[in-house]
Each structure stands twice: as structure tokens, then as C-alpha cells.
Amino acid sequence: MAQFIAMLRQLFFNHKVSVADPHSHINKWYFECYGREYNYTEINERLKAYYDRLKHPDSPHTSVWDEVTQYDENCNSEESKRFLKSILSDVRKPPEFPILLSHNNTLSTLGGGKGGVKKMQITGLPELELRATRDRLGNIKPTYCGILTNTNEQGEMVQQAIIVEPDWMNVDYLLRKFPYLSDGHSAASNNTQIQGQPRSQILQNIDLDKKPIDVDIIDGNREDGNINDSPSSSFPVKFEEISETQAIKHISELTGLSEDVVNAVIQALRKQESESEIVQNIMGYKGRKYQKGKNFLATIKEFL
């Protein structure tokens, strides 16, 4: 997904893209890549290059940082300790657009929590958590869904469920449509024509008119195993686009409510029972937990 996002930036906004990845000898990247075979010395040089770009900004740059939780232990502490805080504050004006990849989002693994980093992380770092499951042999498999956490226009942190469309939300699809991207060239420029196409029409080359795939969510596999404190979510799918059974499973996975409770809530909503009755007596959220139940109810109502 990170490579897909980076390539979209290259395609439409003429970004230069670089990748720091100690596993790049295993992972396939189409961009300038550093850190192959756990070469953290090289990644440390990329951290220095990042700070240099902030001091002397030039063209837009997307920097992808894979296994970022390992930098604190393996790179120069002076460079890595201030990395997260720098991303949350220093990149507001320079044309630097970092993407961080990790298996964890705790402050300690992202370089410590001093200097108000926790508050800045909450208010300034959009987070996309892609979920996975395991097959019967224990192999990790994508579920093609996840949760995007970001702030809204009022500055409040909200969560939105997303569905990844594997048919087109991938690098291979973009390369089939725009093969010149594999050579590091960008379609975005100051010209009004892009290989004979007006820039305003380039999006027509990408088929976005597809329904979400039929995903059977078995286990969200979230590291902390708990999403019950999630605020109300906004969902991009409706019951008419997926089966009701799928929708109930999806809601249950994202809210932590059992499928039986979700189904009971849906039936009560269809009978037009009062929201307070549903929240307190069906969902079991009373007293201080009432607002939390209201948030979950709003989540369920978005499917109806």
C-alpha cells in the first residue's frame, strides 16, 4: 500500500521517491532504495539526507521508511531519536512527505515520547492500520480492510473503516496503465499534455468503479487485541453492496461487539426502537459508557 501511495504521488504530483528499507533485498521496490541486507549505516545516511532536505528544500519528495521501529536501536541515536518529532513538526512547510511503516505504533518504538511527541502524534500523524489473518497453516494473509485514524476539521481524532481493492490498488495495476513509471518517470509536469492526454483526463485511465471485494474476516490480528475504545467510524460500503452477513461480521470486527449483538441492534433499528433503549438494554452501555455505545450505534446506522 505504501508503494501504491508513493507511486500515485509520483504520477500526479511529480514527487521524487526514495525508500529506506533494511529488508529491501526481500521486498520489491520500484524506487531508489537504501538499506539492503540490514544496512542501517546506509539508512542512517538517509536520515541525514532527510534533515538536509528540510534545510534546503527543493522538489517534492516522498520518503518511505520501512521497519522504522528498528531505527532507534540500529541507527545513530542522535539522528533517530528526533526523527518522529521532526516528521510531526518540521515537514509542515518543506515539500517533504514521509510514509512510515512499522508493526507497532507505540511512542517507544517510534523514537521516544519526550517533548510533547504524544500529543503531536495524536493530532498530526494519520495512521492506516491494515489488518491481517492467518490461514490454517499459520501463514499471514491480508483481509483487505483496515482502519484509518486521522483528525477531522474540528481537530477531533476520528476513525474510518477502509476497504482495499486488490484489483487496482496495487503497483502492478499502475504500471500496466503507466509503464513509464517503472523507469522512474512521472506523468505529472507543467505540460498540459501527458503522453497525448490532458492532465484533467488522466484519472479516467484508472477504473475506480468496482464494488468492494467479498472479504471473510476471521481474525483482525491487531497487536493489542482490543478495539473496543474506537470512536464512531465512517464506512465506505452499504448493505446493498455486500451481504448483510458480511456487513455484520465487518461491524463486529471493527467495534468489538459480538455478531449477535450487532444483529440485534440492526433488528431493533428496523423496528424503530429508541436509541437509548438500544444502547442501554441491547448493547449494554450505561452510565459513563453510554456515549461509547452511542458512537457504536452511529457506526452501525451508517450501514443501513
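**Reading a predicted fold**

Q: Which residues of helix α8 are buried?

A: They are Q246, A247, I248, H250, I251, S252, E253, L254 and T255. Buried means under 20% relative accessible area, exposed over 50%, and partly exposed in between (1.4 Å probe, protein chains only). Helices (H or I, at least four residues) and strands (E, at least two) are DSSP runs, numbered from the N terminus. This is a predicted model, in which local features need pLDDT of at least 70 and side-chain atom pairs count only at pLDDT 80 or more, while totals for chains, interfaces and linings use all residues. Residues are numbered from 1 along each chain as its sequence is written, and side-chain values use heavy atoms, with hydrogens and water left out.

Q: Why is α8 described as largely enclosed by the rest of the structure?

A: Nine of its 12 residues are buried, so the rest of the structure largely encloses α8. The cover over these buried residues includes β5 (127–134), β6 (140–151), β7 (157–163), α9 (259–270) and α11 (290–301).

Q: What is the span of α8 from its first C-alpha to its last?

A: The expected span is 1.5 Å times one less than the number of residues. Helix α8 (residues 244–255) reaches 16 Å, close to the expected 16 Å. Just after α8, G256 takes a positive phi of about 85°.

Q: Which residues other than glycine have a positive phi?

A: Most residues other than glycine have a negative phi. Here N14 has a phi near 60°; N14 lies in the loop between α1 and β1 and is partly exposed, at 41% relative accessibility. Y38 also has a positive phi, of about 60°. Y38 belongs to the loop between β2 and α2 (40–55), and its relative accessible area of 48% makes Y38 partly exposed.

Q: In what sense does strand β1 pair with β3 and with β2?

A: Two strands pair if DSSP finds at least two bridges between them. Strand β1 and strand β3 (residues 61–65) are parallel, with five bridges, and S18 stands opposite S63 in β3. With strand β2 (residues 32–34), β1 is again parallel, over three bridges; V19 has C33 as its bridge partner in β2. Strand β1 (residues 16–20) is mostly covered, with four of its five residues buried.

Q: How many disulfides does a search of the whole structure find?

A: A disulfide is taken as a pair of cysteine sulfur atoms within 2.5 Å. The search finds zero. Among the cysteines, C33 is partly exposed at 29% relative accessibility, whereas C75 is buried, with a relative accessible area of 9%.

Q: Which residues touch the most other members of the largest nonpolar core?

A: A nonpolar core is a set of buried Ala, Val, Leu, Ile, Met, Phe, Trp, Tyr and Cys residues joined through side-chain atoms within 4.5 Å. In this core of 20 residues, they are M7, L11, F31, V64, F178 and L181. Two or more residues each come from α1 (2–13), β1 and α7 (171–177), and α1 gives the most, with six. A second, separate core of 15 residues includes L257, V262, I278 and Y285.

Q: Where does pLDDT stay under 50?

A: pLDDT is the predictor's confidence in each residue, from 0 to 100. Where pLDDT is low, the predicted coordinates should not be read in detail. Here pLDDT stays under 50 over residues 187–239. The protein averages 76, and 73% of the residues score at least 70.

Conventions:
Contact = heavy atoms within 4.5 Å.
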